[in-house]
Amino acid sequence: MRRANTPPPVPRTRRTEGTRVRGRAERVVAAVHAATHEELGRVGYGALRVEDVAARSGVNKTTIYRRWPTKAELVAASLRAANEEQEQPDTGTLRGDLLVVVMRTVRTCKTPTGRGIVRMLQTERADPDVEALSRSLRDRRWQRNRALVERGITRGELPADVNPELLLDLILGGIYARLIHRGEDIREDYAAAAIDTVLAGACAGAARLPNESQQKEPREDDMTMQSNETRAQRDGNEDTRGTTKEAPVLGSVVLDRSDPAFLARSPEIYEEARAKGPVVRARHYPFPRDEEERKSIMAGERPVGEVLFVSHYEEAAGALLDDRLASDPFARMTPEQRAHVPPVPEELRPIAYSLLMLDPPDHTRLRKLVQPSFNARAMEALRPRIQRLTDDLLDKAERDAAARGESAPERRMDLVKAFAYPLPVTVISDMLGIPEEDRETVSRLGELRIDNRDPVVMQETRKMLVAFSHYLVDLFERKRRAPGDDMISQMIHAQEDGDKLNDKELLSMVFLLYLAGHVTTVNLIGNGVVALLTHPEQLARFKADPGLAKGVVEETLRYWGPVDYLGAVRTAREDLEIAGVSIPKGGQVMIGLGSANRDPEQFADPHAYDIGREGAHRHIAFGKGIHLCLGAPLARIEGQIAFETLFRRYPDLRLAVPAETLRWGGAAGLRGFRELPVLF
Ligand code: HEM
């Protein structure tokens, strides 16, 4: 955070003087400003309640919603107005204003870092950690953030006189305040991701404002908002935002991540999609919702649906941040309509009710319960255990090879079976508290094989999922009687302690953590090893500098991320637009993570695998926004340790089969390899 040279003054704006009769729009903006300045320091913009704004401004909620359909838009309006209304446009003032907020927050904060910041703000002496973090974030992200802001200004999405540096400060301050309040460490990767999120959200929110100023016949008391017109409009430039267009059609291909042939071709398919536009209409096989659909699949008839596929990085990231797109597929339905939805099949219930499919407030409540188990400190504490497990698994592979009479460097192993699979399974089983003696059974039950083309596989998978649920319900009973020091026991405790999660939610949470905890990471490890082995120059670079393990992880996630596109399609809660394409209320949007991660506008030479790539970590392989992968810090540590250890111990590690014979096809429609024969 930059140091203020003078004590931070609170800005005096015409709004706060309150001497003249103000229009409705202005009153709302002033109320947002007041509310966020009281609340921002406490919990961030998320705390802004429209009821509160309505009460403060005397403007009813319906009117507010009509004009600013989302909180992001309200907040953007407030920031914009604050920027415009300063009597003396002085960048230091707004920053000072923010510092007041941060200061208010950290004063009440008991953490050492919080006290450090208080000291820094009060005495103008920087806390070295925070200062170093800010400097590093600024240096490394500065160019990108500046570009984002400048583009926002050029397009008229942000006010022409917004100061990019100031905006970055504002965001950093808000993030610090928020993290500190939540008692979390200020972790660089979290803060970095949060900066991108907030900034992209601010631009997206601001971008929608001009549409409102184009509304017909503004009322007299709304005139103050005319200052929201964009520079493009002022200059009389063409502005196409008011008009919407149909999404182009993406040929006859059917998106199907469970098909190895599709996964092999998908980088080309996505390229074609990107060339057509940021949003294309694509065919896909929807997940069977009821018995009828399942039967028709079993009979070899697969219904094909249509989705709007988001292919460009900027729009995909924006869609993940857009709270008008719900993860709950039934979000737009009335209770009556919901009642007519066929019941979710038993085996899919734990997934259907999981975090992935929930929207706030339920999502927020449940995520809060598990978030601390995955914070930086918890993950760092796991590092030695992950290293030990890695070494143990490789020792065992060596012993097995020796027993077969093989010696280095001609020993064989199936890297997936011997290493990439058991590593994350064991880590998540430890964390959850799955008893040692159950692990083999559980690991088999949790093997999520999804192959929509093969009815026998699907039947088997369904049976195993039901058995897995039954196993977990029984385990919860055992933990209730004899709790341990593990996540399941903690969740049961939380359940008994208050009405924090019901039985159905507990089952869903554990189910999701167990499955998500390993089916994805196995692919990160396998895909990274294959990427290195098929890019010898990158492998040589890595062997020469094992410190590049982080780069291997990030570039692998970008280049061959396990999740090609999100299985959980988003549903529009209201009519909206993405990149000028209209999405009707109830429309389904599929977000192409893999496509976004190869968008040349975001990543130069995107089809090259480059472990030293600057900014590779900006990939969205872990999603973005409120559903950002909970296990990302864990997966990153597991990946780093795996790559570093494998190539340190076995510099001669190589594929035991020609690379062309390897076939894509991880579990659950993920990009990965089921088998990976190597020599070591
Ligand atoms: C390389 C490994 C991984 C990848 C690529 C990955 C990818 C993702 C993605 C893309 C999402 C967002 C889904 C959406 O927005 O609909 C997600 C969510 C999630 N992931 Fe991961 N994941 C990985 C590892 C893990 C691990 C190790 C865990 C747990 C131990 C985990 C637990 C979760 C959970 C609980 C969510 C739901 C979060 C929410 O909805 O709030 N993941 N993951």
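Trainee: How many residues has helix 18, and what span does helix 18 reach from its first C-alpha to its last?

Mentor: This is a predicted model, in which local features need pLDDT of at least 70, side-chain atom pairs count only at pLDDT 80 or more, and totals for chains, interfaces and linings use all residues. Residues are numbered from 1 along each chain as its sequence is written, and side-chain values use heavy atoms, with hydrogens and water left out. Helices (DSSP H or I, at least four residues) and strands (E, at least two) are numbered from the N terminus. Expected span is 1.5 Å times one less than the number of residues; helix 18 (376–403), close to the expected 40 Å, has 28 residues and reaches 40 Å.

Trainee: At which residue does helix 18 bend?

Mentor: The bend is the angle between axes fitted to the seven residues ending at a residue and the seven starting there. For helix 18 the angle is about 35°, with Pro 384 following within four residues, and the bend is at Arg 383.

Trainee: Which protein atom is the donor to the iron atom of the ligand?

Mentor: Donors are N, O and S atoms within 2.8 Å of the metal (3.2 Å for Na, K and Ca); water is not among the atoms, so sites may look incomplete. The residue concerned lies in the loop between helix 28 (593–596) and helix 29. The iron has a single protein donor, 2.2 Å away: Cys 629 (SG).

Trainee: In strand 2, which residue is the bridge partner of Val 254?

Mentor: Strands pair if DSSP finds at least two bridges between them. Strand 1 and strand 2 (279–284) run parallel, joined by three bridges. The partner of Val 254 is Arg 283.
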